[in-house]
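Work through the exercises below with the sequence and the coordinates at hand. Each task is followed by a solution in steps.

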Amino acid sequence: RFIAKPCAINLGIQDSGPHRAQPNAILEKVFTSITKSPDGKRLEGLSKQLDWDVRKIQRWFRQRRNQDKPTTLTKFCESMWRFTFYFSIFFYGIRFLWTAPWFWDTRQCWYNYPFQPLTSRLYYYYILELAFYWSLMFSQFTDIKRKDFLIMFVHHLATIGLITFSYMNNMVRVGTLVLCLHDASDFLLEAAKLANYAKYQRLCDAFFMLFGVVFIVTRLGIYPFWILNTTLFESWELIGPYPSWWLFNGLLVTLQVLHVIWSYLIIRTAYKALVRGKVSKDDRSDVESSSEEEDVTSNSTKGIFSTSSNGSNRLNGHVAAGQWTGE
C-alpha cells in the first residue's frame, strides 16, 4: 500500500480492472448459483430465454469471470511483496550459512546429533520461513483457483511438514540447506513478473530464462546430489536408521518429484521459445480454471508474461497447461 503501489503508479500501471459485464439478473443468478462456465445446452436455453445470441452470452460470462480477477496493480503489489521476502530471506540465509561448517561439509549436519545448539539466527530463519509457507497455504483457498492448485497444495504441505518436523527433531542444519536452496530461484521469478506488469518485455524474458536455469540447476542438480545424498546416505552412515528416517526422506523425495514435474514444464516452455523465436506462454503458470474460453481468442499474445486483449494477464508463478495469470 505504501511502497509497492506508488512504485506501480510511477511505472504507469493503472488500477483499472477488465470491462464489466452489463447487469442482467437472469445471467447473474446462473453465474452465482449454478455455473460460471455454462455448457452448450445451457447456453442455448439462455439464448432462447433472453433472445440473445449465444456468442453474446458467452461474452457476458467471460466478462463476468474477468471481474473477479485481480487487477494488474494488485498483482504487481503482491509480486513486489513476494520478491522482497524471497530476496531478503535468501540473502539472510546465505549470509549466516556462508560461515556455517555444514554449508561446506554436509556431514557436519549429523555430527553430535541431536545435541546441536539452536542459535538465534537459525531460530528466526525457521520461524520466518514457516510463517510464510503457512500464509501461502491459507491464501490458496481465498485466491482465485488455479490449475496447479493440487501440485502447490502438496508442495506447501510437504514444505510445512519438513520445516516443522526438522525443527522438532533438531535437524535444523540440513533444514537450512533445503530452505536456502529453494529460495535461490523464487525471487527471480517474481522479478520477471514485476518486469512483465511494468511492460519491460525483454527484461521480463531475461529474468524468466535466468529463473529457469537457476531452478533446474538447483532442483535437479544440487538438491538430489547434495541434499538427498546427505539425508539418505550420510545420515544412515553416521547416525543409523533413526525412527523418523523414512518419513523425513519421504517428504524430501516428494519435493524432488515436484521439482521434476516443474522442470519438465519449464524446459518445454524454453523449447517452444526457441522454435518460435519468443516465449509466448509459460507451461508452469497458475492458469485460472475458468480461462479456457479466453485462451482460444488470445493466440496473438507476446512474451513470457503476455496480456490478452481483454486485459487479463496470462502469466504467473508456477506454470500449468500453457498460459500464465497473476498469482
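**Exercise 1: a cavity and its lining**

Helix 7 (120-142), helix 8 (149-168), helix 9 (172-197) and helix 11 (245-276) each give at least two residues to the lining of the second largest cavity. Helices here are DSSP runs (H or I, at least four residues) and strands are E runs of at least two, numbered from the N terminus. The model is predicted: local features need pLDDT of at least 70, side-chain atom pairs count only at pLDDT 80 or more, and totals for chains, interfaces and linings use all residues. Residues are numbered from 1 along each chain as its sequence is written, and side-chain values use heavy atoms, with hydrogens and water left out.

Task: describe the second largest cavity by volume, lining and residue classes.

Solution.
1. A search of the whole structure returns two cavities of 30 Å³ or more. A cavity is a set of points, on a 1 Å grid over the protein atoms alone, where a 1.4 Å probe fits but cannot get out; lining residues have an atom within 4 Å of a point.
2. The second largest cavity holds about 140 Å³ of space, a volume being the space filled by probe spheres set on the points, which are joined across faces, edges and corners.
3. Its lining has 14 residues, and T159, L162, I163, V178 and L179 lie nearest the centre.
4. Helix 8 provides the largest share of this lining, five residues.
5. By class, the lining has nine nonpolar, five polar and no charged residues. Ala, Val, Leu, Ile, Met, Phe, Trp, Tyr, Cys and Pro count as nonpolar, Asp, Glu, Lys and Arg as charged, and the others, Gly among them, as polar.

**Exercise 2: backbone exceptions**

Task: which peptide bond is cis at P114, and are N112 and K199 buried or exposed?

Solution.
1. The bond from Y113 to P114 is cis, with omega near 5 degrees. P114 sits in the loop between helix 6 (101-104) and helix 7.
2. N112 is in the loop between helix 6 and helix 7 and, although not a glycine, has a positive phi of about 60 degrees. N112 counts as exposed because its relative accessibility is 61%; exposed means over 50% relative accessible area, buried under 20%, and partly exposed in between (1.4 Å probe, protein chains only).
3. K199, also not a glycine, has a positive phi of about 65 degrees. K199 lies in the loop between helix 9 and helix 10 (201-239) and is exposed, at 67% relative accessible area.

**Exercise 3: the nonpolar cores**

Task: find the residues with the most contacts inside the largest nonpolar core, then list the contacts of L97.

Solution.
1. A nonpolar core is a set of buried Ala, Val, Leu, Ile, Met, Phe, Trp, Tyr and Cys residues joined through side-chain atoms within 4.5 Å.
2. The largest such core has 54 residues, with L97, Y223 and F248 making the most contacts inside it. Helix 9 gives the largest share of this core, twelve residues.
3. Beyond its neighbours within four places in sequence, L97 is in contact (heavy atoms within 4.5 Å) with W102, F103, W104, T176, L177 and C180.
4. Another core, of eleven residues, lies apart from the largest one and includes F31, L43, I57 and W60.

Definitions and conventions:
On a 1 Å grid over the protein atoms alone, a cavity is a set of points where a 1.4 Å probe fits but cannot get out, and a pocket is an open set with protein on both sides within 12 Å along at least five of seven lines; lining residues have an atom within 4 Å of a point.
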